[in-house]
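Here are a few exercises to work through with the model open in your viewer. Try each one before reading its solution.

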Amino acid sequence: MPLDLAAYGIKNLETKTIFHNAPAAVLYEQAILHEGAKVSDMGALVAYSGKYCGRSPKDKRIVYSEGSKDDVWWLPEGAHLRDTKGSVSPNQPISEEGFAANKKIAIEFLSSCDRLYVTDGIIGWEEKCWRKVRIISSLAYHAIFMKNMMKRITEEEKEAFVPDFLMYNAGAQTADQSVESVCNDASVNLSLDTKEQVVLGSMYAGEQKKGLLTYAMYYLPKEYNFLPMHCSCTEDPTTKKCTIFFGLSGTGKTTLSADPRRELIGDDEHIWHDTGVCCIEGGAYAKVIDLDAEKEPDIYKAIRFGSILENVKFIKDKKGEDTRTVDWHDTSITLNTRSSFPIEHMDRLAKIPCCTTPGSHPEHVVFLTYDAFGVLPPVSRLNRQQQQYYFALGFTSKVAGTEVGITEPKATFSPCFGGPFLIWHPSVYAKLLADLVEKHGSNVWLINTGFVQGAYGEGHRIHLKHTRSIVDAIHDGSLVESMKKEGGSIHDKFFGLEIPTAVKNVPSELLIPRNSWKSQEAYDAKATQLCELFKKGFKQYEGVFPDVVIAKGGPQI
C-alpha cells in the first residue's frame with residue numbers, strides 16, 4: 001500500500017525527503033553526509049550512538065492499561081529499577097496519558113526533520129509467527145540497522161504491506177523529564193494494546209531490536225502458546241537435529257553458534273513453536289570487542305558492505321590520521337562495540353530460511369553461564385527441577401572493570417537469560433520450556449564459560465577450545481554415552497549437579513572444580529557463598545514455583 005506518514009500524525013511532508021525501504025548504498029550516503037558516519041576498509045559503515053552506548057533498561061516503560069495490565073509482571077508498586085537493586089522485574093508502568101505525551105514529542109520531532117527513513121520488515125521466519133513492523137526514524141544508520149535485523153520483505157510484500165506494529169524512533173530527541181515516569185534523557189515506551197513503541201533520547205540502535213523482542217515475548221505465549229527465547233540456535237545439516245544456547249552477553253552464545261560443521265538458524269532471538277524452532281530476526285548483532293579473525297572467522301568475514309559497526313575507533317597512522325582499519329581492542333568509547341549484519345553475510349554457516357527442518361525440535365538445550373567464582377563445573381546435566389531453577393535464575397557474573405564500583409566478582413541474575421525483555425512472569429516461560437523439554441526429550445546442560453581452577457584473580461577463564469570440545473561431545477553423543485557408564489558422572493554436594501568425569505579433549509582435572517583448586521577449603525567457602533547468593537536470588541519466586549523445584553533444583557546445602 002502507498003506510504004502515508006500523515007496517517008501517523010507526521011506533518012510537513014511536503015518539505016521532507018522520505019527514504020522508504022531505501023537500499024543500503026543510499027543509506028550509506030545519507031549517514032556519511034548527515035550523521036558523521038564513515039566507511040571502514042572492510043566496507044562496513046561506522047556509526048556512533050552518542051551518549052548511550054548500550055540499552056537503558058531503567059528508562060523502559062510499559063503502558064498500564066485495562067487491556068493488558070493483568071498480563072504483565074510488574075515491578076512492585078512504588079519501586080523503581082534505579083532504586084531497588086534487588087528487584088528483577090524490568091516492567092515499570094507508564095499511564096496511557098504519559099505514553100501519549102511521549103508519542104506526541106516523538107511525532108513533533110519527526111515532523112521537524114528534513115529527512116525521514118522508513119523501514120518495513122517482519123519479525124519471525126515462520127509465517128504463523130509473523131508480525132509486520134514499520135519503523136520511522138530520523139537516522140539513516142538506524143534504517144540500515146533494522147533493515148539488517150528484521151526478515152526482509154519481497155517486492156510483492158512491499159506493495160501490500162500493512163504494519164502490525166509501529167515504532168516511532170526519535171532517539172535523537174531528548175526526552176522531557178516533566179512527562180510522567182520520565183526520569184532521564186532517554187525514555188523507551190511500549191504499548192501492548194496499540195502495538196506501538198516510542199524511543200526518545202537514545203540513539204543506541206539496539207533499543208529498536210530489543211523493543212521488538214519484548215513485544216514478541218508478549219504476543220507469542222499469549223496468542224499461540226509458543227516460547228520466545230533469548231538464545232542462539234544451530235542445526236546439524238546431516239541429522240537435522242538442533243541445539244539452542246541460552247546465555248547473557250559475554251557468555252559465548254554467538255561465538256559457540258558460529259560452528260562451521262553446523263548450520264546457523266540465528267544468534268540471539270528465537271521461537272520454539274509447534275513444529276520446531278525459527279529465528280525472530282533477519283540478522284546478527286555481534287559484540288566485536290577484541291574480535292579475532294582467526295578465532296571468529298565467520299563473524300569477521302560478515303562485517304562488510306551492508307554491515308554496521310557501532311562505536312568503534314580506527315587505528316591511526318604516524319600523522320595521527322584515521323587509517324579506516326578498525327582497532328578491535330579500543331574501548332575508549334565503550335566496551336560494548338558491536339556489528340550488525342544480515343544473516344546472509346554468514347554465508348558459510350547460515351541456513352535460510354532461518355528455521356529448523358520441520359519436525360526438528362531441540363535435542364539439546366544449553367544454559368551458558370560466566371561463573372567468575374570458579375565453582376560451577378565446565379559442564380553438567382540438569383534434571384527437570386534444575387532446568388526450571390537455573391532458567392528462572394539466569395545466573396552469570398560481572399567482574400572488576402566492567403562497571404564502576406565493582407572490585408570483586410558480582411553474581412548477576414537475569415531470569416530466563418533475558419530478564420530485561422520479559423513481559424510475563426518468569427514462571428510462564430520456565431513452565432513452557434519445561435513442558436517442551438519433556439515433550440521432546442531434550443537434554444539440558446549447564447556450561448560454565450567462566451573461571452576454572454580458582455576464582456577470578458587466581459584461576460583463569462576456561463579456554464575456548466575446551467568449551468568447544470564440550471559442545472562437540474554433546475553434539476556427537478559421546479558425552480551422553482560416557483555418563484551412562486558406571487563412574488561416568490558424579491553429583492557435587494553443593495549444587496547437586498550431575499558432572500561427567502571425562503570429556504573428549506578436555507583435561508579431566510578441570511571437570512570437577514573442587515579437585516582443581518589449590519585449596520579445597522577455599523573452594524568450599526566460595527561455593528557456599530555462591531549457594532547463598534542463589535538462594536537469595538530465588539527467594540522472590542517462593543510460592544510461585546513448586547516446592548520441589550526449590551528443594552531439588554537449587555543448592556543442596
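**Exercise 1: the setting of Ser397**

Ser397 is buried, as its relative accessible area is 10% (buried means under 20%, exposed over 50%, partly exposed in between, with a 1.4 Å probe and protein chains only). Keep in mind that this is a predicted model, where local features need pLDDT of at least 70, side-chain atom pairs count only at pLDDT 80 or more, and totals for chains, interfaces and linings use all residues. Residues are numbered from 1 along each chain as its sequence is written, and side-chain values use heavy atoms, with hydrogens and water left out.

Task: work out which strand holds Ser397 and what its side chain reaches.

Solution. 
1. Now take the side chain of Ser397: one of its polar atoms is 3.0 Å from the backbone oxygen of Tyr370.
2. The Ser397 side chain also reaches the backbone nitrogen of Ala372, at 3.1 Å.
3. Finally, skip neighbours within four places in sequence: Ser397 then touches Tyr370, Asp371, Ala372, Phe373, Lys410 and Thr412 (contact means heavy atoms within 4.5 Å).

**Exercise 2: Cys231**

Task: is Cys231 buried or exposed, and how far is it from His270 in sequence and in space?

Solution. 
1. Find Cys231 in strand β11, which spans residues 227–235.
2. Check its accessibility: with a relative accessible area of 0%, Cys231 is buried.
3. Compare the two separations: Cys231 and His270 are 39 residues apart in sequence, and their C-alpha atoms are 6.4 Å apart.
4. List the contacts of Cys231 beyond four places in sequence: they include Ile244, Phe245, Phe246, Lys253, Asp267 and His270.

**Exercise 3: the whole chain**

Task: check how the radius of gyration fits that of a compact globule.

Solution. 
1. Count the elements: the chain has 15 helices and 29 strands.
2. Apply the globule rule, 2.2 Å times the number of residues to the power 0.38, with the radius taken over C-alpha atoms. For 557 residues a compact globule would come out near 24 Å, and the chain has 23 Å, so the two agree.
3. Look at burial: 59% of the 557 residues are buried.
4. Look at the range of contacts: of those between residues at least 6 apart in sequence, 74% join residues at least 24 apart.

How values were computed. Helix = DSSP H or I, 4+ residues; strand = E, 2+ residues; numbered from the N terminus. Polar contact = N/O pair within 3.5 Å; in protein donor to acceptor, adjacent residues only side chain to side chain.
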